Amino acid sequence: MAASFSRDDVLNWATRANLSEESIRSLRENEVDGPTLLTLSKQELQTELGISSLPARRYIWDLIMNLSVEL
């Protein structure tokens, strides 16, 4: 399911997951879609998306891993 997410689907997912406005804005600005989301690395969350908060990165990473398991 997540593998077919559009960019809008990713933003809706991020909003439902209560991600910070900063994180949602970063996903939007970087045009992250489902395939991109599922292949992000922990490092890219910080370096490419600019998510500086460790707890935020861990939360997002856990959410991504849960999406991967659902496939």
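**Entry 1: the core.** The core has 22 residues, and Val10, Trp13, Leu19, Leu27, Leu37, Leu45 and Leu49 touch the most other members. Two or more residues each come from α1 (7-16), α2 (21-29), α3 (34-39) and α5 (54-70). I note that α5 gives the most, with five residues. In soluble globular proteins, nonpolar side chains tend to be buried together.

**Entry 2: terms and source.** The model is predicted; local features need pLDDT of at least 70 and side-chain atom pairs count only at pLDDT 80 or more, while totals for chains, interfaces and linings use all residues. Residues are numbered from 1 along each chain as its sequence is written, and side-chain values use heavy atoms, with hydrogens and water left out. I take buried as under 20% relative accessible area, exposed as over 50% and partly exposed as in between (1.4 Å probe, protein chains only). Helices (H or I, at least four residues) and strands (E, at least two) are DSSP runs, numbered from the N terminus. Contact means heavy atoms within 4.5 Å.

**Entry 3: confidence.** I checked pLDDT, the predictor's confidence in each residue, from 0 to 100. The protein has a mean of 94, and 99% of its residues reach 70 or more. Confidence is lowest in α5, at a mean of 92, and highest in α1, at 97.

Entry 4: I listed the contacts of Leu37, leaving aside neighbours within four places in sequence, and found Val10, Trp13, Val32, Ile64 and Leu67. Leu27 lies in helix α2 and counts as buried, at 5% relative accessibility. With neighbours within four places in sequence again left aside, Leu27 is in contact with Val10, Leu11, Ala14, Leu19, Val32 and Leu49.

**Entry 5: helix α5.** The 17 residues should span 24 Å, and the end C-alpha atoms are 25 Å apart, which agrees. In α5, I found Arg57, Ile60, Trp61, Leu63, Ile64 and Leu67 buried. These buried residues fall within an arc of 165 degrees seen down the axis of α5, so they line one face of the helix. The arc is that of the directions from the helix axis to the C-beta atoms. Pro55, Arg58, Val69 and Glu70 are exposed on the other side of α5. The cover over the buried residues of α5 includes α1, α2, α3 and α4 (42-47).

**Entry 6: helix α1.** I found Val10, Leu11, Trp13 and Ala14 buried in α1. Seen down the axis of α1, they fall within an arc of 160 degrees, so they line one face of the helix. Their packing partners are α2, α3 and α5. Asp8 and Arg16 are exposed on the other side of α1.

Entry 7: Which residues have a positive phi although they are not glycines? I noted Asn18, at about 60 degrees, and Glu31, at about 55 degrees. Asn18 lies in the loop between α1 and α2 and is exposed, with a relative accessible area of 66%. Glu31 sits in the loop between α2 and α3.

Terms used
Core = buried A, V, L, I, M, F, W, Y, C linked by side-chain atoms within 4.5 Å. Expected span 1.5 Å × (residues − 1).
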